Every structure is written in C-alpha cells, then in structure tokens.
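Reader: I would like to learn how to read aromatic contacts in a structure such as this one. Could you take me through them step by step?

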Amino acid sequence: MQNTTAPAVSRAEAVKKYKKTSQFGETMKRMARNKAAVLGLIILVALILMSLCADFLYDYDTYVVKQNIADRLQWPSAQHPLGTDEFGRDLLARIVHGSRTSLLLSFAAVALSLAVGGFLGAIAGYYGKWLDNLLMRIMDVILAIPMTLFAMVIVAALGASTLNLVIALSVSQIPTFARVVRGAVLTVKDSEYIEAARAIGQRDLSIISAHVLPNCMAPIIVQTTLRIAATITSTASLSFLGLGVTAPTPEWGALLSTGRTFIRDSSYLTFFPGLFIMITILSLNLLGDGLRDALDPRLR
Amino acid sequence: MIKYVVKRLLALIPVIIGVTMLVFFILKSAPGDPVRLILGEQATPEQVAELTEQMGLDQPLLVQYVKYMIGLVQGDLGIAYSTRRPVADEVFSRFPYTLKLSLVATVVSIALAIPLGIIAAVKQNTVIDNVSMFVALIGISMPMFWLALLLMLLFSLKLGWFPVSGAASWQSYILPAFALGFMNMASTARTTRSSMLETIRQDYIRTARSKGVSNSVVIRKHAFKNALIPTITVCGLQIGSLLGGSVLCETVFAWPGIGRLMVQAISARDVPMVLGCTVIFTICFSIVNLLVDLLYGFVDPRIKSMYS
C-alpha cells in the first residue's frame, strides 16, 4: 500500500514545488519579508482609511468649518485631543479632513503626470530618432528649473487655487516620469517578443500598451510611490507659502502656515500637522524602498 | 578638459533660452492687466494706454521676449511692477544671501553626512548603524519648513540661543543652514553608506587589509575614495531641492534672499520680478550641475580621461 501511494504524494509535492507562482505573488512574498516596508504599508492604509472615513469621524460643517470663538487656541485636552485653532475649531478634526485634501491632491497630481509623462516617455523611447530627441530636449528644459520653483511659477500665472495647484504639481513632474518610462522602454523594446509582436502585424500602440509597458512596470511603480511622497511635501510647501489650498479648506501645509502665526504660545498648532505630513511621507518612503528591493532583480 | 568645459558652457545657452522662453510665456499668460495693477482702478484710459506703450506691453509677445533676452544678456532684467525699480538691482543685492545660505547648508550637510555614512557602513548592523539610518530616514521624511519651525521654536523662542529671523550676524546662519542642510544630509548619508558597503567587499580592500594596512587607512584611503562617486551624484541631485527649499527656509526665517523675494513677488503678481528670480535660480542650478560633473573628473581619473 505504502509503495503505491508514495509516488503519488511526491508527485503532488513536486508539482507544488515547481508550480510557477506569479511575478506579483513573488514580489509580494519578498515584500512581506521586509518588516519596514510592511510597516509603511500598514501606516499608509491606515491613513487612507482615515481620509476615506473622515465624514464618519467628524462632520465637516460642525467640526471642521464652523467657528467657535469661545474655545479658541486651547491646548490639547480630553475634549480636543490635539487642541483647537484660532477660531476654536478642533485641530484633530481639521487634520483628519485635511488628509483628504493632501492625499487626494497628491495622488491626482501624480496620476496626471504619470499619464502624460508616461505617454511621452513611452513614445519617445519606442519610436526613438527625432521624436525622442525633440521630446527629451523639451524635458531637459523643464528639468533645468528646480521643481518647486517651476510649480510656483505656474501657480503665479494661474492664480492660487486647488485645481491650479494640481496642474502645477503635475506639469512640473512630467519630465521625471517621461525619463523613467523612456529608460524602461529602451531596456525592453529590442527584445524578441516585441519583434515577434511586430512580425505578426500588431499596431504600435497595442504593442506599447500590451507588451512594452507591462514588462517595464517595476521602475515605474517604485518611482510613482516615491514621487507621491515628494508631491505631498510640495503640496504642503506651496500651501504653506499661500500658493495652494486656500482657507477654510483644511490642508496640512495650510494648517502649518496658520500654526506659524501662533507658534509662540500655541506650538501644538505647528507640531501636529507637520507630524502627520512626516508620518505619511515616512510610510511612503518605507514602502517605496521595500518595493524597489522586491522588484529590482539586480539587488536580489 | 578646457574643451569639455567650453562645450558644456555652450550647451547651457539653448537650455537658458528654452527656460526663459517657457517661464516668460507662462507668466505672460497670467490673467489680469499689469498696467491696471500699477495704476489702480481709477486710472483714465489715456494713462493706461500711455503706460502700456511705455512698458512695451502693446507689442507682440515674441517681440517682448526678444527684447527681454537682449536686456538679459546686458544684465538688465526689466522693471519691477511693484517697486518700479530695476529687477536686476533687487535680485543681485539679495542674491549673495541666498548663495551664502546655500553654501553653508551644503557644507553642514556634507560634513555631517559623510562621517555618518562611513561609520554606519563600517559598523554595519550595529546599534550605531541602525540609529544613524533611522535618523537619516526621518530626515528624508521631514518637511523642511516644519523642521525649520521646530528649530526656531526650540532654539530661538524657548532657549533664546539664536536670532528668530534676519541675517544680521553669523548666529543667524545656524538655524536656517541646519534646517536646509538636514534633508540633504539624510539622503547623502544613506548613499554614502550603501556605496561604502559595496566598496568594502571589493578584492582590493581585502588585499590592502591582508598586506597589513591599518583599518583606518583602509577606510580613508582605499575605500572612501572609491565610494565617493555616488555620494557626489546625490549631492548634485540635491541642489535642485536645496534651491527649492531655500524659498521655504527664507520665508520661515525672514531671510533677505531671492527665495523670499520670489514669494513676495508672486503674491504681488509682479511678473518681471518672478521671471528675474526664476532665471537667476535656473542659471545657478545649471552652473552648479556643470561643476558637479567636473568634480567627477577630479575624483575619478577614468572619467577625466574621457573629457579630452
């Protein structure tokens, strides 16, 4: 009996052993071994949940916008865990709702520049020649201006508002993404499977979207994560300078800017919004580093 | 070598033309009439027309741009809307402050980062390594202006050790330079560490050790020199964020540099001033990038041989 069942078991084991796991699964496994990256992911998910549930935690009109002068500038207490601002509004409520603005703006700006920059980079890398030359020289010009300054120039031209902030932040990052995607496309575009796809008569656009881009996702994903972190800082920076989100909408940089006015006696107004910005960026950096280690085969 | 420098300087010209053109057209597309802004709403149409003509704003944009460029070559950056004085005077009187602050910040960041990175690499996986890399990670994640505010709160307002704002004495440099340098310090330290770790495992390090060279000489002379290239690259990449950061740092500490000037100009919708500040920042940025590239040649003879 034992002799007949033994080969069956070992065969099942052998199949299990050699069964190919997906690249996604492999990457996730490597990520899970990296404690710092997991911590980053957990913090980030918590922050996203916080911004999604903001309305259930604090009603926007009663807690975030409505002024209550009697309670102004109170230090943290049981009733107001992070204190109140100069109009008596609960700081925690404003930070929780501010996470919405900060995260949404940054995600939107990065998504927009990833789409535009990625498209430009992909066609530049794929077609090469004069198109590549032209597009990359234009990108070089934009890259010659320090990124924050370029965003400031765009806001200066368009005027300070939330939408203009998103436009400014995404336009100033287009070259970064164009370069990353172009570089990635160049590494795969001469592979045999691309040639095969071309040989069977696929159109260029579908080759780029179906074969080229999926095979160079790793650097794009890593760069996107790290760019979101940088964009959260830029969003906060521009709002801090009064060039971004305007009152009474809560945004972390704008909250810090208000806190600065009262820094002498109400330093908590400066401390807590900054702490949230730092934790968010820290989590994205941890995740980005972890993703890079997990995705980059050269570092394995 | 000289041929290479000249070639690189010539390559700057199209970039500067491109940048000025881009920024010029973006800023000129701003809504609102600058003449109305200067004269106020009560001005008569004749006054408006006269000033428009005087400022050359009735000409096509391209003509205005060419005129601006001719002025730029001669060191003329136009007239500021807000003060009605030459932009160049204001920008160049403020520029030394930004330059000095950026230099001190760079020195602070490198002086802290390189020892930190080397020690972390040499003592890999010890408490020292973990603590310094944790500090570096915090440094990367901290918004610069928040750090600046916290430093100001603790050292100026609570302890009274340093002035709160301005650039009156050498003490006023300490807090802004540290705030500005800390972020760059963090990424430079991380790069130095990983580059050192890679170098320490090379065969020539083992050779040096086995022939009896003392540990400190191995680290200083054999490993560090070879690990320097990535560190320089990161320092070069940081310059853009340093210039962007100087805008925030100068705003927090009321520093009289061009970063703060630019923020004030944006609030006042002073287009020539914003343009002037951006052009100066960009020229600096390009020149520093060129210097960083030349530095490679001094550190690595292999790269130097490629210049000729």
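Reader: Let me begin with a single side chain: is B:Phe24 buried or exposed?

Author: This is a predicted model, and in it B:Phe24 is buried, with a relative accessible area of 3%; it counts as buried because that word is used for values under 20%.

Reader: How many aromatic pairs does a search of the whole structure find?

Author: Over all chains, the search finds 12 aromatic pairs. One of them joins B:Phe24 and B:Tyr65 in an edge-to-face arrangement, with 5.4 Å from centre to centre and 65° between the planes. This pair links distant parts of the chain, since B:Phe24 belongs to helix H1 (residues 2–28) of chain B and B:Tyr65 to helix H4 (residues 61–73) of chain B, the two being 41 residues apart. B:Tyr65 is likewise buried, at a relative accessible area of 5%.

Reader: Which residues form one aromatic cluster with B:Phe24?

Author: The cluster consists of B:Phe24, B:Phe25, B:Tyr65 and B:Tyr68.

Reader: What is the geometry of the aromatic pair that B:Phe155 and B:Trp161 form?

Author: That pair is tilted, with 5.7 Å between the centres and 40° between the planes. As for accessibility, B:Phe155 counts as partly exposed at 22%, whereas B:Trp161 is exposed, with a relative accessible area of 55%.

Definitions and conventions: Residues numbered from 1 in each chain as written. Chains lettered and ligands numbered in written order. Predicted model: local features only at pLDDT ≥ 70, side-chain atom pairs only at ≥ 80, totals over all residues. Heavy atoms only, no water. Phe/Tyr/Trp six-rings, centres within 6.5 Å; stacked < 30°, edge-to-face > 60°. Helix = DSSP H or I, 4+ residues; strand = E, 2+ residues; numbered from the N terminus. Buried < 20%, exposed > 50% of the residue type's maximum accessible area, 1.4 Å probe, protein only.
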